Amino acid sequence: MNVTGHTGRPASIRDVATAAGVSYQTVSRVINDHPSVRAATRERVLAAVDELGFRRNATALALARGRSRVVTVLTADTTRHGHASLLRGIEEAARAASYTVGIGVLESARESAVAAAVQRAADTGGGLIVIAYDPAGVRALNAVPAGLPVVGVVETPARPPASDRPWVWTDDREAACKATAHLLSLGHETVHYVAIPSGTRRTGARSAGWRDALRAAGAPCPRPVRGGWSPADGHAAARGLAADPAVTAILCGNDDLAVGVLRALHEAGRSVPDEVSVAGFDDAPHAAYLTPSLTTVRLDFAGLGRSAFALLHEALEGAAQIAPRPAAPPELVVRESSGVAPARD
């Protein structure tokens, strides 16, 4: 029954509950001297506490007393469109439920820095939402102590996650597939891709969806161009594509990259969409106001944030199990930057 020795981690309130054969709510009542626990049950729980070396932390105490209405969000970024919209959705849902939201910024993916950030978040009490779109976020999600209610906002899983993974996500793979299929439907022989980095695996979900559509159409699959996140990254990545007259359609991993791609095409004297069609990703606020306005895929990041809080709220309210769930399906928004492929000479 020595959990600490068996797993290498401190015993949690749920470990005590398992060892004593009771619910974790009963353990909470015992360690807080609640009078409604039978003497025999109290003795059994206290024996498990002693044997496992369980120590209450701030989170356990706050949850047991029902006083903590705090949610902490751990994220490596607060400014990009997706991250900022997620935070807005979490805050809106939390405020409606009378919860307070705190933000912990993951300044580094180093194990020690991540562990310190997770510990600070755990010490505030309440629950935790981790935006795990990058190595720091993934490491933080894996470092959350057992027994602390947590929800992960993750990249599109490569396969359906286990039922005990409290995750939410957008279907980026399907979204990229839709955008690529749209460009192919306009008569383009293929679609080139300026990629955002994947934070968790070699090939990101958006890259995978782009390839899915090309293969389904029997279209050539060119090598993706490594971009980044910003307009400057898109501009640098697209110079070679802009100079190649065979390139007639470009999908960008986000709308900021698309801004740089449009600039590179303009500098090369190539008209959009008459000579080259461009599509972005995310439907950031500026996408509709570019010239030409940007065809893109709309992802409901704010809705994803609300879903993340709803899932965590279930756990904080004592739900026995919370299951993973995707967010609303992506929506293709067709604007001026995509058009019929130019006639071949």
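**Figure 1. Pairing of strands E1 and E2 in the predicted model**. Val 71 of E1 lies across from Val 101 in E2. Strand E1 covers residues 70–75 and strand E2 residues 100–105. The two strands run parallel and are joined by 6 bridges. Helix H6, residues 81–96, belongs to a β-α-β unit together with E1 and E2. That unit is right-handed.

**Figure 2. Ser 98 in the loop between H6 and E2**. The phi angle of Ser 98 is near 65°. This is a positive value in a residue other than glycine.

**Figure 3. Packing of helix H6 on helix H13**. Helix H13 comprises residues 301–316. The axes of H6 and H13 are 7 Å apart, and the helices pack at an angle of about 45°. At that angle H6 is oblique to H13. Their crossing is right-handed. On the H6 side the contact is made by His 81, Gly 82, Ser 85, Leu 86, Arg 88, Gly 89, Ile 90, Glu 92, Ala 93 and Ala 94. These residues meet Phe 301, Ala 302, Leu 304, Gly 305, Arg 306 and Phe 309 in H13. Sorted by class, the contact of H6 with H13 contains 8 nonpolar, 5 polar and 3 charged residues.

**Figure 4. Packing of helix H9 on helix H10**. Helix H9 spans residues 172–185 and helix H10 residues 205–217. The angle between H9 and H10 is about 40°, and their axes lie 7 Å apart. The pair is therefore oblique. H9 passes H10 in a right-handed crossing. From H9, the residues in contact are Asp 172, Arg 173, Ala 176, Cys 177, Thr 180, Ala 181 and Leu 184. Their counterparts in H10 are Ala 205, Arg 206, Ala 208, Gly 209, Trp 210, Asp 212, Ala 213, Leu 214 and Ala 217. The contact of H9 with H10 consists of 10 nonpolar, 2 polar and 4 charged residues.

**Figure 5. The open sheet formed by E7, E6, E8 and E9**. This sheet has 4 strands in the order E7-E6-E8-E9, with parallel pairing. Strand E7 (225–226) and strand E9 (277–279) are at the edges. Each of these two strands has a single partner strand, so one side of each has no neighbour in the sheet. Strand E8, residues 249–252, runs parallel to E9 and is connected to E9 by 3 bridges. In this pairing, Ile 250 stands opposite Val 278 in E9. Helix H12, residues 255–267, packs on the sheet. H12 touches strand E6 (192–195), E8 and E9. The direction of H12 makes about 150° with that of E8.

Figure 6. Pro 273 sits in the loop between H12 and E9. The position of Pro 292 is in the loop between E9 and strand E10, which covers residues 296–298.

Terms used
Residues numbered from 1 in each chain as written. Predicted model: local features only at pLDDT ≥ 70, side-chain atom pairs only at ≥ 80, totals over all residues. Heavy atoms only, no water. Axes fitted to C-alpha atoms, helices over the stretch in contact; angles between N-to-C directions. Parallel < 35°, antiparallel > 145°, perpendicular 65-115°, else oblique. Left-handed = near helix turned anticlockwise from the far one by under 90°. Contact = heavy atoms within 4.5 Å. Nonpolar A, V, L, I, M, F, W, Y, C, P; charged D, E, K, R; others polar. Pairing = 2+ DSSP bridges. Right-handed = clockwise from strand over helix to strand, strands pointing away.
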